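Please keep the sequence and the structure at hand while reading.

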Amino acid sequence: MQLFHRSRAEHKDHDTPFSCPPPSGLLEEIELAKREMNDAYNHFQIASDPDLIDCCIYRGNAAWKRYQFLIREAKQTQMGT
């Protein structure tokens with residue numbers, strides 16, 4: 001059973017569901033993290049099974065933590081230059 005649907009192009013870039021995308025640019029990574037948070041929230045809104053709800057919460061929290069990390073990195077990079 002697939003929890004979140006991805007297109008084939010997105011799926012081939014990631015070997016496992018927990019792999020990070022290849023580094024591109026910091027701003028692109030921030031946008032990706034924001035999309036992941038929104039996706040998790042949207043899936044949470046329609047999930048009815050308790051396990052899927054938990055999955056959406058964990059996925060959203062992970063994306064939020066990643067987003068916070070990337071924002072800190074962007075601020076440090078900006079302050080360093």
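## Terms and model

A residue counts as buried when its relative accessible area is under 20%, as exposed when that area is over 50%, and as partly exposed in between. By this scale F44 is partly exposed, because its relative accessible area is 33%; this residue is found in helix α2.

The model is predicted, and its chain averages a pLDDT of 79, with 69% of the residues scoring at least 70. Among the elements of the chain, α2 has the highest mean pLDDT, 94, while helix α1, residues 8-13, has the lowest, 48. Over residues 11-16 the pLDDT is below 50, and in the model this stretch has five contacts beyond near neighbours in sequence. Where pLDDT is low, the predicted coordinates should not be read in detail.

## Overall architecture

The chain contains three helices and zero strands, and from the N terminus on its elements run α-α-α. Of its 81 residues, 21% count as buried, and the accessible surface comes to about 6,700 Å², with 57% of that area belonging to carbon and sulfur atoms. When contacts between residues at least 6 apart in sequence are considered, 62% of them join residues at least 24 apart.

## Nonpolar core and surface patch

The largest nonpolar core has six residues, namely I30, A33, M37, A63, Y67 and L70. The elements that give two or more residues to this core are α2 and α3.

The elements that give two or more residues to the patch are α2, spanning 26-46, and α3, spanning 50-80.

## Salt bridges

Side chains of opposite charge can pair when their charged atoms come close. The structure holds three salt bridges. In one of them the side chains of R66 and E29 meet, with an N to O distance of 2.4 Å; R66 lies in helix α3 and E29 in helix α2, so this pair ties together parts that are 37 residues apart in sequence. E29 counts as buried, because its relative accessibility is 10%.

R66 also forms a salt bridge with E36, where the closest N and O atoms are 3.6 Å apart. This pair likewise links distant parts of the chain, as R66 is in helix α3 and E36 in helix α2, 30 residues apart. E36 is partly exposed, with a relative accessible area of 23%. Taken together, E29, E36 and R66 are linked in a network of salt bridges.

How far apart in helix α2 are K34 and E31, whose side chains meet in a salt bridge? The two are three residues apart, so they are separated by about one helical turn, and their N to O distance is 3.2 Å. K34 is partly exposed at a relative accessible area of 32%, and E31 is partly exposed at 39%.

Technical notes
Residues are numbered from 1 along each chain as its sequence is written. This is a predicted model: local features need pLDDT of at least 70, side-chain atom pairs count only at pLDDT 80 or more; totals for chains, interfaces and linings use all residues. Side-chain values use heavy atoms; hydrogens and water are left out. Helices (H or I, at least four residues) and strands (E, at least two) are DSSP runs, numbered from the N terminus. Buried means under 20% relative accessible area, exposed over 50%, partly exposed in between (1.4 Å probe, protein chains only). pLDDT is the predictor's confidence in each residue, from 0 to 100. Contact means heavy atoms within 4.5 Å. A nonpolar core is a set of buried Ala, Val, Leu, Ile, Met, Phe, Trp, Tyr and Cys residues joined through side-chain atoms within 4.5 Å. Accessible areas come from the Shrake-Rupley method with a 1.4 Å probe; for residues, only the protein chains shown count as cover. A salt bridge is a side-chain nitrogen of Lys or Arg within 4 Å of a carboxyl oxygen of Asp or Glu.
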